[in-house]
Amino acid sequence: MENYLDNDIQFVAGVGEARAKVLDRELGIRTVGDLLTHYPFRYIDRTRIYPVAEITEAAGLSYVQFRARITGIAYAGEGRRRRFMAYAQDATGQAELVWFHSIKWIEKRIEVGREYIVFGRPAFYRGALQMAHPELESVEQALSRKSESGMQGIYPSTEKVSNLLGAKGMYQIVCNAWAQARDRIADPLPEALRTQYGLMPLREAYRNIHFPQSQEGLRQAQYRLKFDELLGIQLNIQQRRTDRLAKSNGFLFPRVGGVFNTFYNEKLPFPLTGAQKRVIREIRQDTVTGYQMNRLLQGDVGSGKTLVALMSMLLAVDNGFQACMMAPTEILARQHVATIRRMLDGMPVRVAVLTGSSKARERREALEGIASGEVDILVGTHALIEDRVQFANLGFVVIDEQHRFGVEQRARLWTKNAQPPHILVMTATPIPRTLAMTLYGDLDVSVIDELPPGRRPIRTVHYTDAARMRLFGFMRQEIAKGRQVYVVYPLIQESEAMDYKDLTDGYEAISRDFPLPEYVTTICHGKMKPADKEESMRQFKSGEAQIMVATSVIEVGVDVPNATVMVIESAERFGLSQLHQLRGRVGRGGEQSYCILMSGEKLSKESRARLAAMCETNDGFRLAELDLKLRGSGDINGTLQSGMAFDLKIANPTLDTQILAVTREAATALLAADPALAAPEHRGLDRLRRRYSGRDEIDFSRIS
Ligand code: ADP
Ligand code: MG
């Protein structure tokens, strides 16, 4: 019975082989189950019929329906441009309906003089209403529709799929699949659990999510489906955690030896903050238990995570292991190497670097050194996860700014050893522990909640373009005091060409405006050769250049304490956490630092709120919360999904925190009673657990 949902969708009425291929390729829908879990992202009210005159551009309607008589048809264009038009009229106005393909199909069916319910997405040409590929239904047919509430789901789709299926295609296919599947849906949750948590049966949930019977029915359906997803994930995480702790195959670092102690006593340039000490202690404790460590370290920008990473790596070295540290960008990796080499100067610890642009010699030294065991610490970028990187004895892995890496990449690093190394993942993006686990798997969390002493809060202001002269004046003033300035431009793939133009225009304008010989402006962006980038960074770090014009490549991690001014151009185009990261590039020394957010006069309400929040607070945790509130749910899910360990269709762990908490508790209770979910009444739960076991065969929960 349960296997029915595994059937190929090509056998669903209205699909067939060709459509099945497209649905698979475009939306990953292969089985009836996939189709039933392809949920609408929105609902429109199909009981509402608009007078044509009310469908205006100003009304801002995304989908509408109206009831109108077809008054005439026409053809235009030739060949690929050929189109078919029909004119529709009600008592209040007229609309033009257009078809660019499937013309044969529609011309056969449409009858001039007849009345239809027309449904689609309105467009306006010089104020006149147009609709491309609308859905047309006879009035009788429309009245006999499935859902009694009148709500009809709008399904996520792609252009190819919409073209292939037409306006009502996906809905129709789901109707057909539902008709075949409705009596063959097994509920994975035991009755007792459903009663305990007040959950509607799965069958009812599918029915209501696709054909809502009422608002309340829809709400309950959403709750139930989210519950299943999050429960599936919780079962996985908790079971793996139990496994991990049962295995006790973690490397032991019992010694705090010469390397660690020499560093601590002789090299450390400043006392550790209380929070740094606490986290190092936590890591020490983890590494003497015999279990493999999986720790997430959260700490605001500038809180000194690098030092914690370095000292943990020294612990590994003291115990005869190698360590590696992976950073998301070339610049950051190079900077880490430089920092680490400088800090370890004169100590018997060998540090190598490997990035995508490592020259032959550097590459050879790194590869041979780690394979032979001569190199103790390897720092690099994604290049570290290449297959040819073979460690002699990898015991400790640090992943910096983990949100920048996909899950797969993190997991591959982990598989480098037969026995898993300890893992420390660092991030400046604060998230609650349960959420972190849902996103990244089974892990413990440490927090650095204290900045090094002597930091002054950064002053942030928002200027519009009108204040540019004032900005230049301020930059001059700071440079005259011996300080340095960043000017950052957004860079977004879709508008890359234009963004690069803005960047180079800005660079030229600044070079023109700071023509004095003692001022040097340098530029750094992704299209430059690595060697040029490095030279540019070097100039800025050494203080030869006073101004660095750059894209957001400098967003993460770059550390130049003498830089006190961060100018962010088109600041409205950055997200809050990105703005906060960028701001974190200044305020790293003892001097008062400034962040200046530049934007045009016209701003959306949301952008204005973001920039205001930046001016108001320096607290990354608060900004992260605000960010969640400001952004819509869909958006966030999309952003997080790329790095997420689990595929979610409906639950949003950042917003569904209550369900997350409840499922966590449910999973704990279920596994306590039946650790392997082996009882007959738990068979469905076991299937649910397997379904949400992660993106790949690799055990993701073990990596981060
Ligand atoms: P992040 O947590 O953003 O990675 P970094 O590790 O880059 O922060 O540290 C930010 C700056 O603070 C660096 O210049 C570092 O040398 C300095 N720093 C780190 N720990 C301390 C400390 N305990 N006291 C003073 N300065 C510190
Ligand atoms: Mg850092």
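A polar contact here is a pair of N or O atoms within 3.5 Å. Gly304 makes one such contact with ligand 1: a polar atom of the Gly304 backbone sits 3.1 Å from an oxygen of the ligand. Keep in mind that this is a predicted model.

**Who surrounds ligand 1**
- The shell around ligand 1 holds 17 residues, and the closest ones are Gln276, Gly302, Lys305, Thr306 and Arg455.
- Sorted by class, that shell comes out as six nonpolar, six polar and five charged residues.
- Helix H12, spanning residues 305-318, supplies the largest share of the shell, with three residues.

**Polar contacts and burial of ligand 1**
- Arg455 brings a polar side-chain atom to 2.6 Å from a ligand oxygen.
- Gln276 also uses its side chain: an N or O atom there is 2.8 Å from a nitrogen of ligand 1.
- On its own, ligand 1 would expose 570 Å², and the protein buries 87% of that.

**Thr522**
- Where does threonine 522 sit in the secondary structure? It belongs to strand E19, which covers residues 521-524.
- Thr522 has a relative accessible area of 5%, so it counts as buried, the cut-off being under 20%.
- Setting aside neighbours within four places in sequence, Thr522 is in contact with Tyr507, Ser536, Gln539, Phe540, Ala545, Ile547, Met548 and Val549.

Technical notes
Residues are numbered from 1 along each chain as its sequence is written. Chains are lettered from A and ligands numbered from 1 in the order in which they are written. This is a predicted model: local features need pLDDT of at least 70, side-chain atom pairs count only at pLDDT 80 or more; totals for chains, interfaces and linings use all residues. Side-chain values use heavy atoms; hydrogens and water are left out. A residue is near a molecule or strand if one of its heavy atoms lies within 4 Å of it. A polar contact is a pair of N or O atoms within 3.5 Å; within protein, one must be able to donate a hydrogen and the other to accept it, and residues adjacent in sequence count only if both atoms are side-chain atoms. Accessible areas come from the Shrake-Rupley method with a 1.4 Å probe; for residues, only the protein chains shown count as cover. Helices (H or I, at least four residues) and strands (E, at least two) are DSSP runs, numbered from the N terminus. Ala, Val, Leu, Ile, Met, Phe, Trp, Tyr, Cys and Pro count as nonpolar, Asp, Glu, Lys and Arg as charged, and the others, Gly among them, as polar. Buried means under 20% relative accessible area, exposed over 50%, partly exposed in between (1.4 Å probe, protein chains only). Contact means heavy atoms within 4.5 Å.
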